[in-house]
Amino acid sequence: MSNDELDLCNDCELCNVEDAPAPTSTFRFAQYDIEISGGSVSKGLKSHAELWWRVVCRNELPSPAVGGTADNLLGPTGHLERMNVWSHMAGAGAYAAYLGLRERVTPMGDIRSLSNTLAYVSGASLVVTFVSSSVYHVYSADAEWGAYTRLGDYAGIYLSICTGTTTDVAIASVNLTDASWQAVADVWIGMVVLVAFFTLKRFVVPIETTRRPYFLNKCSLGLARNTHVDLEHSALRAAAGIAMAFSWACALPAAFDAIELDCAWAIAAARIVATLTLILGMFVDNVLLYPDRWINNEDAKKPMCLCHNPHDVFCGGWVMTSHALWHWVALASVVIYTAGTEYAIATSETLAM
Ligand SMILES: [Zn+2]
């Protein structure tokens, strides 16, 4: 931590790390850290339930003086991760509901082809991805559990990319007719290598080494948080993810040869728009950091597009951080991606034969 960060850290009594309670404190950053205590199994289970309750529903501050300032964007019972969790649960619920309806009321329900089956599996893997990411965001308020559930968060993302890419290869090769095994296995091998590497690293590198604080100077706004990072392998994580996310580009030329032109264009347009949307979301969350970086204590209520609900009511106590914004953009991106697949599956006579 730089001296600058410490100097800025004067707007909340718990933001001064040197004076902050021990790491096992329930409220290290007022409304973020909720660490599960050790002890007996029954005590542990009770703590898990409490953590879920506090992050998802109601996170009462120990006293109004702790983080309960007038500027606090989260209000008296909010949590920074609440919108992150609910946004992903909304995605999981929407895809689960759609998959249920898909078999009954859409043209794809009557089609029996490998591409259609893979498209269904791809949709189901998105439900898994959204749920595993929701679990991670609940547990990210706990240093130790956050470290391990983060592995599941990334594994879920890789799973969705792999099933989506396999579906694309199947469509571009007319249900994997004459497709080489490498075309299918490539992205799965990438997933196995990444998951194995980062899992091994997780058990080798101490948890406290990868836990980093962010926005310590915005504690009284409710924006201070801790999160795990990949340290020297951050570039590997990012580059591998981008390479996998662009896997559709390898299958696209074959699609124009294999299936009807309108279907190939639907696939192409959906992939291009979805990927551009995804990159836009990444830019906002990782580079711009809007609105997080742009809010300060003097004009906490003023920034454009600052969306939050500080009220102590049902569905209250959340703020649309840059990461929550990214969640909604990512959901829009996968919906666009799915729409292209569904159009091709529903209308292509070549794939249905
Ligand atoms: Zn997230």
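# A walk through the predicted model

A255 touches I171, A172, A264 and I267, with residues up to four places away in sequence left out. Two residues are in contact if their C-beta atoms, placed from the backbone, lie within 7 Å. A255 also belongs to the largest nonpolar core, which has 67 residues. I171, A255, I259, I267 and A344 have the most contacts inside that core. A nonpolar core is a set of buried Ala, Val, Leu, Ile, Met, Phe, Trp, Tyr and Cys residues joined through C-beta atoms within 7 Å. Buried means that 20 or more other C-beta atoms lie within 10 Å of the residue's own; exposed means 12 or fewer, and partly exposed is in between, with C-beta atoms placed from the backbone. In soluble globular proteins, nonpolar side chains tend to be buried together.

This is a predicted model: local features need pLDDT of at least 70, side-chain atom pairs count only at pLDDT 80 or more, and totals for chains, interfaces and linings use all residues. Residues are numbered from 1 along each chain as its sequence is written.

Now the overall picture. The protein has 12 helices and 4 strands. These are DSSP runs, numbered from the N terminus: H or I over at least four residues for helices, E over at least two for strands. Of the 353 residues in the protein, 40% are buried. Take the contacts between residues at least 6 apart in sequence: 74% of them join residues at least 24 apart.

R54 lies in helix α2, residues 41–57. R54 counts as buried because it has 20 C-beta neighbours inside 10 Å. Leaving aside neighbours within four places in sequence, R54 is in contact with I34, N59 and H79. R54 and E81 are 27 residues apart along the chain, and their C-alpha atoms are separated by 10.0 Å.

Helix α3 covers residues 82–105. Helix α3 has 24 residues and reaches 34 Å from its first C-alpha to its last, close to the 34 Å expected at 1.5 Å a residue. The expected span is 1.5 Å times one less than the number of residues. Which residues of α3 are buried? They are R82, M83, N84, V85, S87, H88, G91 and Y95. An α-helix has 3.6 residues a turn, so residues three or four places apart point the same way.

Next comes α5, residues 143–172. R150 is found in this helix, α5. Is R150 buried or exposed? R150 is buried, with 22 other C-beta atoms within 10 Å. R150 touches Y136 and H228, not counting residues up to four places away in sequence. R150 and S133 are 17 residues apart in sequence and 7.9 Å apart in space, C-alpha to C-alpha.

V174 is found in the loop between α5 and α6 (181–204). V174 has a positive phi of about 50 degrees although it is not a glycine. V174 is buried, with 21 other C-beta atoms within 10 Å.

Turn to the helix pair α10 and α11. Helix α10 spans residues 261–288, and helix α11 spans residues 322–347. They pack at an angle of about 175 degrees, with their axes 8 Å apart. Axes are lines fitted to C-alpha atoms, for helices over the stretch in contact, and angles run from 0 to 180 degrees between N-to-C directions. The two helices are therefore roughly antiparallel. Angles over 145 degrees count as roughly antiparallel, under 35 as roughly parallel, 65 to 115 as roughly perpendicular and the rest as oblique. The contact of α10 with α11 has 21 nonpolar, 7 polar and 2 charged residues. Here Ala, Val, Leu, Ile, Met, Phe, Trp, Tyr, Cys and Pro count as nonpolar, Asp, Glu, Lys and Arg as charged, and the others, Gly among them, as polar.

The last stop is the loop between α10 and β3 (308–309). L289 lies in this loop. L289 has a positive phi of about 50 degrees, yet L289 is not a glycine. L289 is partly exposed, with 16 other C-beta atoms within 10 Å. P291 is in this loop too. A cis peptide bond joins Y290 and P291, with omega about 10 degrees. R293 is found in the loop and is partly exposed, with 13 other C-beta atoms within 10 Å. R293 and F215 are 78 residues apart in sequence and 8.1 Å apart in space, C-alpha to C-alpha.
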